[in-house]
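Hello,

Here is the structure I promised you. Please open it first, then read my notes below.

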Amino acid sequence: MDLKAYKTFQKIVSTGSFNRAAEELNYAQSTVTMQIQKLEAELGVQLLERGKQIVLTEAGRLFHEQERQILKDIERLESDLAELHTGDAGSVRIGVTDPTATYRLPGLLKTFLNRYPRVEIEVEIAGTQALSERLLRGELDWALCSAPELGTGLYFEPLFAERFLLLLPEGHPLAASPRITPEDLREHRILITATHCPYRKKLESVLQEFGGSPLHTMVIGSMVALKDYVAAGLGIALVPAVMLNPVPPGTVSRQLAGTPIDMSCGILCKTAEYPLVRSSAKLYHFLRQELMEQPASS
């Protein structure tokens with residue numbers, strides 16, 4: 001199929017002349033004639049009756065009706081392929097950990113999709129360990145999470161720091177304390193996430209240097225749900241500050257004394273697939289800019 005010949009035929013029909021078609025297409029008239037002769041030979045039918053006026057044969061009328069739709073479909077396909085190449089269209093499978101998935105990502109994705117409506121995004125919400133495994137299996141294009149374990153064959157680029165605050169029930173004994181230290185926490189029930197959760201490991205790393213008696217803990221499987229369990233008076237928790245805007249009713253937030261506690265979060269992908277390309281790269285660069293500009297407490 002010679003698309004140039006198709007377009008030439010369409011131009012002849014619209015102008016009613018081989019000469020005018022050649023002028024508008026910037027072809028020699030012999031080129032136009034040759035293209036139509038070749039097209040008719042390939043189709044095995046005569047499309048045009050030559051004379052003082054160009055007249056479509058019955059086959060020519062049928063071909064013209066079908067050809068216009070064919071050219072539109074081809075032009076749409078060419079446009080789609082061009083957008084796919086530039087990243088303006090395509091599909092992206094990303095994994096995201098909470099609280100980013102709940103508190104940061106929805107608004108950012110809305111802005112991105114308003115800008116690039118032909119990009120399809122699939123979001124998987126899980127912990128860093130589970131997302132790392134899915135990346136290695138090729139089930140995700142990249143993830144937005146905390147740093148993975150060393151030696152995983154994954155590339156990690158930090159983008160922002162997740163800052164943590166203590167969340168306490170309003171009537172808790174520590175709520176009135178002007179200064180809360182890690183040692184103070186050992187005397188009270190602490191709500192923590194599952195063993196493999198990076199946020200729990202962060203809390204444990206803060207407390208282990210102080211030694212002392214074992215922690216009195218209660219495991220809550222969801223980082224986002226922690227604040228509700230604190231509000232119910234079940235204990236205190238170290239939670240990302242982004243979850244506390246506003247602070248839930250019946251609770252108060254405090255900073256743990258000492259060095260500010262934060263955790264690095266960023267983009268995770270297979271080392272062999274970095275830098276990202278096409279729509280994955282388009283989304284990555286957008287989120288990278290937006291997240292790096294956000295203050296740690298937002």
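Helices (H or I, at least four residues) and strands (E, at least two) are DSSP runs, numbered from the N terminus. This is a predicted model: local features need pLDDT of at least 70, side-chain atom pairs count only at pLDDT 80 or more, and totals for chains, interfaces and linings use all residues. Residues are numbered from 1 along each chain as its sequence is written, and side-chain values use heavy atoms, with hydrogens and water left out.

Cavities come first. A cavity is a set of points on a 1 Å grid over the protein atoms alone, where a 1.4 Å probe fits but cannot get out; lining residues have an atom within 4 Å of a point. The whole structure holds 2 cavities of 30 Å³ or more.

The largest cavity has about 70 Å³ of space. Helix 8 (198-208) and strand 7 (189-192) each give at least two residues to its lining. Helix 8 gives the largest share, 3 residues. Among the lining residues are Phe 164, Tyr 199, Arg 200 and Leu 203.

The second largest cavity has about 50 Å³. Its lining includes Arg 163, Phe 164 and Pro 260.

Now the helices. Helix 1 (residues 3-15) and helix 3 (residues 29-43) have axes (lines fitted to C-alpha atoms over the stretch in contact) that come within 9 Å and cross at roughly 110°. Angles run from 0 to 180 degrees between N-to-C directions. So helix 1 is roughly perpendicular to helix 3 (65 to 115 degrees).

Best wishes

Conventions:
Angles under 35 degrees count as roughly parallel, over 145 as roughly antiparallel, 65 to 115 as roughly perpendicular and the rest as oblique. On a 1 Å grid over the protein atoms alone, a cavity is a set of points where a 1.4 Å probe fits but cannot get out, and a pocket is an open set with protein on both sides within 12 Å along at least five of seven lines; lining residues have an atom within 4 Å of a point. Grid points are joined across faces, edges and corners, and a volume is the space filled by probe spheres set on the points.
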